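Thanks, everyone; can we get the model up on the screen? I'll take us on a short walk through it.

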Protein chains: 2
Amino acid sequence: MKIRIGIFGYGNLGRGVEAAIRQNKDMELAAVFTRRDPATVKLQTAGVPVYHADKALKMKNEIDVMILCGGSATDLPEQTPQLAAHFNVVDSFDTHARIPEHFANVDRAARAAKKIGIISVGWDPGMFSLNRLMASAILPEGEEYTFWGKGVSQGHSDAIRRVEGVADGKQYTVPVESALAAVRSGTAPVLTTREKHTRECYVVAKEGADKVRIEEEIKSMPNYFADYDTTVHFISQEELNEKHSGIPHGGFVIRSGKTGLNREHNHIIEYSLKLDSNPEFTASVIVAYARAAYRLAAEGQKGCKTVLDVPPSYISAVAPAVLRKNLL
Amino acid sequence: MKIRIGIFGYGNLGRGVEAAIRQNKDMELAAVFTRRDPATVKLQTAGVPVYHADKALKMKNEIDVMILCGGSATDLPEQTPQLAAHFNVVDSFDTHARIPEHFANVDRAARAAKKIGIISVGWDPGMFSLNRLMASAILPEGEEYTFWGKGVSQGHSDAIRRVEGVADGKQYTVPVESALAAVRSGTAPVLTTREKHTRECYVVAKEGADKVRIEEEIKSMPNYFADYDTTVHFISQEELNEKHSGIPHGGFVIRSGKTGLNREHNHIIEYSLKLDSNPEFTASVIVAYARAAYRLAAEGQKGCKTVLDVPPSYISAVAPAVLRKNLL
């Protein structure tokens, strides 16, 4: 019997989950829930029903794990606790500052319902968090660094598009190679925001717009660009569509730490991702943790968990004895 | 109250564990056990007793976790099950092919005694195994690669020193940069043994020995060198002592995998280590998992575990709520 997955919200992430389920033979997509008119939603998987979000509770007995694919700003803070009262759930809540509050809300709902909720699954938060934890536990005396990119930042791309005279735009966050090299050398450098990342903007200006003013306005935008070395390239809409339509991302979590009676030995632990599709990779992580949610619930566990709490073998479809034989 | 650690076997690894305990404020070294005459063993930590290995059971109530620091060939297969009948234990058993058998033996002893045994802890097996598991669960359709080095292989260094006419020697395993680059490019290349690593030997010849014959004998040695491009450098004992006395190591675990309805997106997950001291890093991993063994036992769990089974937060001294707040 396969693990029956529900997808709640069918945007980029929901479509990524749909694709990822096909790569996991022990799972099947049971239903998709949307706030749009279900008749307007066309899935990529034949024979799977689409229901309005309001109808989710009617499917309680047909779904083992509900994967929430809404946004962190307003959707997930409400939806995850609500659905955790009826389903085992997994979400990718990524508003770092609000994770403790979200955890508490999901934990309360899931405990009362004897369900499992795994929150903030993906790569950051997610795999990057897990690597920060493990590296800091192994090398307690050390420094930790996170670099993001090269990749598309949705928030910064949105900020560009809000500038007057901008028709379209895309922003790449780029880690500075020399900063990465300095960290890897083991010297544990102190790095400013400007020294760690640059920002590259590809901007389509509206006809007759003042490009000098647009560039100046982008580069001086507080929080988003002012603290970085920012480059602005004006290109045509055609070039933007052709060369910048993907959603690549990635990054590096590096810990540089010392061991030895006199701290005479240095060690570098590095975890990195190079992703062609940010939403599809995030979806792939979520689907693996949906398996863990199913297993934890089957054991009778309940409440909220994060990637920091889940035994690694629970995310794999392979039996523990086979994992030990082949991977250890 | 601190976690009281015993060290069983006081070689390079045991000394590494001793140093690592000092970096973890929630732990203390309770005693060291040796098969040598305890009077001849001088610790680096004041006030800690050294006992003969035969006396270990007398310290049952003074030790929360016993860390086994013997060798995998003959020590650990006997010692870990024996001690797991009385103590929570952690070892770094690294004979890959015999892990299932060792697991079964330790599991039997630990279950009967209601103790926890965590085996094969370190970096390979250990952190590399964990990363293979996670990456393969996240990207089920993909290829996995492990590269080792640059680092000293003890087994290959020993093999060199057994060649007639060799006074001393050290061997470095070196990953081939172009092979690493090919893997990182996402093309999922098929690589032969020779294409992945080279072997660099630093050899001190005895006075009057035939260097041509030594070089030929090393390069053609089956299993150890014949399948690799091997370089032999003859140097003086002084130079060997001066430049090659360290025990650095490291390596790379890389998974290249596809997602998307048509597998149109590629992703690279890479975990790498660059270690100044192989035994001290291994010891640091072991000490973190000793904390997990203590906690699992305190919860009433029993039996044998590996790094694949342990919830990541159990290895950290930091409270779960703080981890969520700061690392997620």
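What you're looking at is a predicted model, where local features need pLDDT of at least 70, side-chain atom pairs count only at pLDDT 80 or more, and totals for chains, interfaces and linings use all residues. Residues are numbered from 1 along each chain as its sequence is written, chains are lettered from A and ligands numbered from 1 in the order in which they are written, and side-chain values use heavy atoms, with hydrogens and water left out.

Is S120(A) buried or exposed? It's buried, because its relative accessibility is 0%. (Buried is under 20% relative accessible area, exposed is over 50%, partly exposed is in between, with a 1.4 Å probe and protein chains only.)

Chain B has a positive phi to look at too: K114(B), near 55 degrees, and again in a residue other than glycine. You'll find K114(B) in the loop between α3, residues 99-113, and β6 of chain B. With 63% relative accessibility, K114(B) counts as exposed. While we're in that part of chain B, A112(B) is in helix α3, and at 68% relative accessibility A112(B) counts as exposed. From A112(B) to D309(B) it's 197 residues along the chain, and 19 Å between the C-alpha atoms.

Which residues does the cis peptide bond in chain B join? D124(B) and P125(B), with omega about 5 degrees. P125(B) is in the loop between β6, 116-118, and α4 of chain B. Over in chain A, the bond from G149(A) to K150(A) is cis as well, omega near 0 degrees. K150(A) belongs to the loop between β7, residues 142-148, and β8, residues 151-152, of chain A.

Now α4 itself, in both chains. Two packed helices are described by the angle between their axes and the distance between the axes. For α4(A) and α4(B), the angle is about 175 degrees and the axes are 13 Å apart. That makes the pair roughly antiparallel. (Axes are lines fitted to C-alpha atoms, for helices over the stretch in contact, and angles run from 0 to 180 degrees between N-to-C directions; over 145 is roughly antiparallel, under 35 roughly parallel, 65 to 115 roughly perpendicular, the rest oblique.)

Who meets whom in there? From α4(A) we have M127(A), L130(A), N131(A), M134(A) and I138(A), and from α4(B) they meet M127(B), L130(B), N131(B), M134(B) and I138(B). Contact means heavy atoms within 4.5 Å. By type, the residues of this helix contact split into eight nonpolar, two polar and no charged. (Ala, Val, Leu, Ile, Met, Phe, Trp, Tyr, Cys and Pro are nonpolar, Asp, Glu, Lys and Arg charged, the others, Gly among them, polar.)

Some of those names come back in the cavity. How many cavities of 30 Å³ or more are there? One. The largest cavity has a volume of about 150 Å³. (On a 1 Å grid over the protein atoms alone, a cavity is where a 1.4 Å probe fits but cannot get out, and lining residues have an atom within 4 Å of a point; points join across faces, edges and corners, and volume is the space filled by probe spheres set on them.) Its lining has 16 residues, with L130(A), N131(A), Y271(A), L130(B) and N131(B) nearest the centre. Both chains contribute: α4 (127-138) and β13 (265-275) of chain A, and α4 (127-138) and β13 (265-275) of chain B, each supply at least two lining residues. The lining comes out as 14 nonpolar, two polar and no charged.

H233(B) is in strand β11, residues 229-234, and is partly exposed, because its relative accessibility is 30%. Beyond its neighbours within four places in sequence, H233(B) touches C201(B), Y202(B) and V203(B). Q237(B) is in helix α9, residues 237-243, and is also partly exposed, at 25% relative accessibility. Leaving aside neighbours within four places, Q237(B) contacts D168(B) and V204(B).

That's my tour; over to you.

Methods:
1 Å grid on protein atoms, 1.4 Å probe; cavity = no way out; pocket = protein on both sides within 12 Å on 5 of 7 lines; lining within 4 Å. Helix = DSSP H or I, 4+ residues; strand = E, 2+ residues; numbered from the N terminus.
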